[in-house]
Amino acid sequence: MNMLEIKNLHVSVDGKEILKGIDLDIRAGEVHAIMGPNGSGKSTLSYVLSGREGYEVTEGSIRFKGRDLTELNVDERAAAGIFLAFQYPIEIPGVTTMTFLKTALNAQRKARGEAELDAVRFLKLVREKAKPLNVPDEMLKRALNVGFSGGEKKRAEILQMALLEPALAVLDETDSGLDIDALKTVAAGVNALRNPERAMLVITHYQRLLDYIVPDAVHVLSGGRIVKTGGRELAHELEKTGYAAYDADAA
Amino acid sequence: MAAVRETVKTVGEVEKYKYGFTTDIESDKAPLGLTEETVRFISAKKSEPGWLLEWRLAAFRRWLTMEEPKWAKVSYPPIDFQDAYYYAAPKQSVKLNSLDEVDPKLLETYKKLGIPLTEQKMLAGVAVDAVFDSVSVVTTFKEKLREVGVIFCPMSEAVRDHPELVQKYLGSVVPTSDNFYATLNSAVFSEGSFVYIPEGVRCPMELSTYFRINEKQTGQFERTLIIAEKGSYVSYLEGCTAPQRDENQLHAAVVELVTLDDAEIKYSTVQNWYPGDEDGKGGIYNFVTKRGDCRGANSKISWTQVETGSAITWKYPSCILRGDNSRGEFYSIAISNGRQQVDSGTKMIHLGRNTSSRIVSKGISAGRSSNTYRGLVSVHRKAENVRNFTQCDSLLIGDRCSAHTVPYIETKNPGAVLEHEATTSKISDDQMFYCRQRGIGEEEAVALIVNGFCRDVLQQLPMEFAVEAQKLVGISLEGSVG
């Protein structure tokens, strides 16, 4: 069964149609990449999957594990297993990373009817997940994303993903603002989370990220539609030709 | 942050104002209204010495000539001072010797309030003086404190047992003529706590008072006096609640703090008086005068307050920095929701040399409330090397509330270094989306973000009260989103 089934999805923001009929199926265990030029609707797709207000589904459907996703609000979707790694992670002043992680994890556990983790078990779990991502205790004590470098922000995002163990992870431009070393660390973190039960949707402008997170399928998004789908070689092709050809198609 | 999670749980379990119950206890009241006779009645009830009666009467006569202050950014219908009771005491025929003799209904009330009053809970290490309407019911831990020479007792007891200290310090920080409400308090105050820390003593435990207004139509006028002798230290906490009633109730307290050389007082308040309903009906009018006098050199007074309740808050805990090198601090969280009106802040009066002060104010407005920070930093001509740092942050939730910052800065000494920083922000849609994408529900996300916003101040509270305060933050903002 498909984990995610998007059929003829049309989405408007402030009355302006951004996505104009998307069809996309992702099965558990697969990693799909969405590539496309700026303004093609990549981020809109990530927001509509996570249920952000202001992104209106005007036509079509999104089903996640067989459920109609549009019936769930943002936090219900999160608890159901949808995770969005933000392109620009948001600062939460005064709230330590540790506190935020604990609040989020326990909120999700509670929503799923599971027992909350106590402080000791939680701390052990966080440290275990933080280590391979190079996230030291000192960083966990700082307010979330406040004064974090680009690399720290993205590592914190992947740490959240590792901790929350989503069924579907949407990675929005995770490579932006990272130098090559940081990119490798983050990609290794993501790859460690690949497993047969988990699907990923990797949104990126450049193919560079896909050298490290190797996708099962690549889709080209342009003008609000998926204009081409192929294997990982499609990413390399795009690197050579650019998006110009697809822009013309969309126009 | 377990507290935040608990907050949401608590919100689900309790009604809006969980302290809104009343206790059915017979009480002994003064006649309705305020005349010289009322003042004499109160003084007689407490078997006070002649000097104190005269002191009260002088204040009362002064009060008759005064007018209510109108400068604060709050509005309310005129208060009929003759339509209130100025003294109400739970009826107890005999003097109590131990906790076992206290009316079980009273103890039940305190239990509901979560006050650690039972013997068992006393082991938790908090000494409590509980004020119910106008009289102090029981003071725990007295013996242990007495061993180190600390006096912690109801004001009426201090008048009886330590008249020389009371006479020396009462009204020495907030004079009877100070302002309308302080003068009213001087005339009719009926209880409050008295604390005396002898020279060189570090008070071995947190001292704590809980105030509760139970009786209908009663005002509460407590008077607290804390004296820290040379080189001593005390941390004091007061908590306040009141039953949910349709009419407004008046609370006009006076708190006076005195620190002598090298002494320090840390005074924390968690105020959760009934704020009135969503339409602004009922609630406490909180007109309070709190002032500390750093009388000695190198002394320090620190006010920390978490204000979540009251229909109207009019309150400016202040420091007079008289002693050289003395230091004043004010840390405040003021949350307003519904139709609450808050006009609160501080005054730092720098008189001595090398005095310093720090003000950190966090105002959070939600609903249709109005939240004003009003503060004064004043530097005397002879006060050399003064430093002040002020930070006023306002957070708005929704689009029907307001936040105002009114800082007054007066300096007569050109060497003073005064810094003022102010910010106003809203909880952004981005922040809410981010938290909710991680599975945190809407109200919990608000509580989390607001607790983060208040963190600098919450950290100033004693540990056990910080947890309590975090919960309160969440509860008071219930219904502020969506």
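Biologist: At what angle do the axes of helix H3 (residues 97–111) of chain A and helix H6 (residues 150–164) of chain A cross?

Modeller: This is a predicted model, where local features need pLDDT of at least 70, side-chain atom pairs count only at pLDDT 80 or more, and totals for chains, interfaces and linings use all residues. Residues are numbered from 1 along each chain as its sequence is written, with chains lettered from A and ligands numbered from 1 in the order in which they are written. Helices (H or I, at least four residues) and strands (E, at least two) are DSSP runs, numbered from the N terminus, and axes are lines fitted to C-alpha atoms, for helices over the stretch in contact, with angles from 0 to 180 degrees between N-to-C directions. The axes of H3(A) and H6(A) come within 10 Å, and the crossing is at roughly 30°.

Biologist: Is H3(A) roughly parallel or roughly antiparallel to H6(A)?

Modeller: Angles under 35 degrees count as roughly parallel, over 145 as roughly antiparallel, 65 to 115 as roughly perpendicular and the rest as oblique. With a crossing of roughly 30°, H3(A) is therefore, relative to H6(A), roughly parallel.

Biologist: Which residues of H6(A) make the contact with H3(A)?

Modeller: Two residues are in contact if their C-beta atoms, placed from the backbone, lie within 7 Å. H3(A) brings A:Thr97, A:Leu101, A:Ala104, A:Leu105 and A:Gln108. From H6(A) come A:Ala156, A:Gln160, A:Leu163 and A:Leu164.

Biologist: H6(A) also packs with helix H7 (residues 180–192) of chain A. At what angle?

Modeller: The axes of H6(A) and H7(A) are 10 Å apart. H6(A) uses A:Gly151, A:Lys154, A:Arg155, A:Ile158 and A:Ala162 for this contact. The packing angle is about 5°.

Biologist: Which helix gives the largest share of the side of chain A that touches chain B?

Modeller: Here 24 residues of chain A are in contact with 19 residues of chain B. Helix H2 (74–80), H3 and H6 of chain A each give two or more residues to that side of chain A. The largest share, eight residues, comes from H3(A).

Biologist: And what percentage of the residues of chain B count as buried?

Modeller: Chain B has 13 helices and 24 strands. A residue is buried if 20 or more other C-beta atoms lie within 10 Å of its own, exposed if 12 or fewer, and partly exposed in between, with C-beta atoms placed from the backbone. Of the 482 residues of chain B, the buried share is 57%.
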